[in-house]
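Subject: Structure handover and findings

Hello,

I am passing on the structure we spoke about.

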Amino acid sequence: MQGLVAERAEATTLLASMRARLSAVVDAAVDEHADDEHDPEGSTLAFERGQLVSQIERSSRRVTEIDSAIARLDDGTYGRCRRCGGEISAVRLEALPAAELCITCAARR
């Protein structure tokens, strides 16, 4: 549980940082010319904005996965595969604490 809580705190901090960076990029774009196509900085800002949005989406999914793992801990199903019901190996859980599938079911996916 401590590992999941620590991982969630780290992911949440990273998410807040990326959202702040995205806000700064959006603000910078407002201050710049609106013509991304012809502004030498425009394409850079657009690219950075796209990268940050993707990272924010991935980090948000990660927080959701961790929250789901914590809920499974609370209801006693943590460490059980959500597909086959078998045990998820300790080695897999150590590497991926929020894993919800055993390695066999994950490989089939």
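This is a predicted model: local features need pLDDT of at least 70, side-chain atom pairs count only at pLDDT 80 or more; totals for chains, interfaces and linings use all residues.

Residues are numbered from 1 along each chain as its sequence is written, and side-chain values use heavy atoms, with hydrogens and water left out.

Overall make-up

The protein chain has four helices and zero strands, where helices (H or I, at least four residues) and strands (E, at least two) are DSSP runs numbered from the N terminus. Read from the N terminus, the order of elements is α-α-α-α. Of the 109 residues in the protein chain, 26% are buried; buried means under 20% relative accessible area, exposed over 50%, and partly exposed in between, with a 1.4 Å probe and protein chains only. Contact means heavy atoms within 4.5 Å. Taking contacts in the protein chain between residues at least 6 apart in sequence, 51% join residues at least 24 apart.

Nonpolar cores

A nonpolar core is a set of buried Ala, Val, Leu, Ile, Met, Phe, Trp, Tyr and Cys residues joined through side-chain atoms within 4.5 Å. The largest one has 14 residues, of which Leu 4, Leu 52, Ile 56 and Ile 66 touch the most other members. Helices α1 (2–31) and α2 (42–75) each supply at least two residues of this core, and α2 gives the most, with seven residues. A second, separate core has seven residues, including Cys 81, Leu 93, Leu 101 and Cys 102.

Largest pocket

The largest pocket holds about 200 Å³ of space. On a 1 Å grid over the protein atoms alone, a pocket is an open set of points where a 1.4 Å probe fits, with protein on both sides within 12 Å along at least five of seven lines, and lining residues have an atom within 4 Å of a point. Grid points are joined across faces, edges and corners, and the volume is the space filled by probe spheres set on the points.

The lining consists of Arg 62, Glu 65, Arg 92, Leu 96, Ala 98, Ala 99, Glu 100, Leu 101, Ala 106 and Arg 109. By class it has five nonpolar, no polar and five charged residues; Ala, Val, Leu, Ile, Met, Phe, Trp, Tyr, Cys and Pro count as nonpolar, Asp, Glu, Lys and Arg as charged, and the others, Gly among them, as polar.

Single residues

- Glu 65, one of the lining residues, lies in helix α2. Glu 65 is partly exposed, at 39% relative accessible area, and its C-alpha atom is separated by 9.3 Å from that of Arg 8, 57 residues apart along the chain.
- Ser 59 is in helix α2 and is buried, because its relative accessible area is 11%. Leaving aside neighbours within four places in sequence, Ser 59 is in contact with Leu 14, Leu 15 and Met 18.
- Leu 45 is also placed in helix α2 and is buried, at 13%. The C-alpha atoms of Leu 45 and Leu 22 are 23 residues apart along the chain and separated by 9.9 Å.
- Arg 83 lies in the loop between α2 and α3 (90–95) and is partly exposed, at 47% relative accessibility. Not counting residues up to four places away in sequence, Arg 83 touches Leu 101, Cys 105, Arg 108 and Arg 109. From Arg 83 to Leu 101 the C-alpha separation is 6.5 Å.
- Ala 90 is in helix α3 and counts as exposed, at 57% relative accessibility.

Regards
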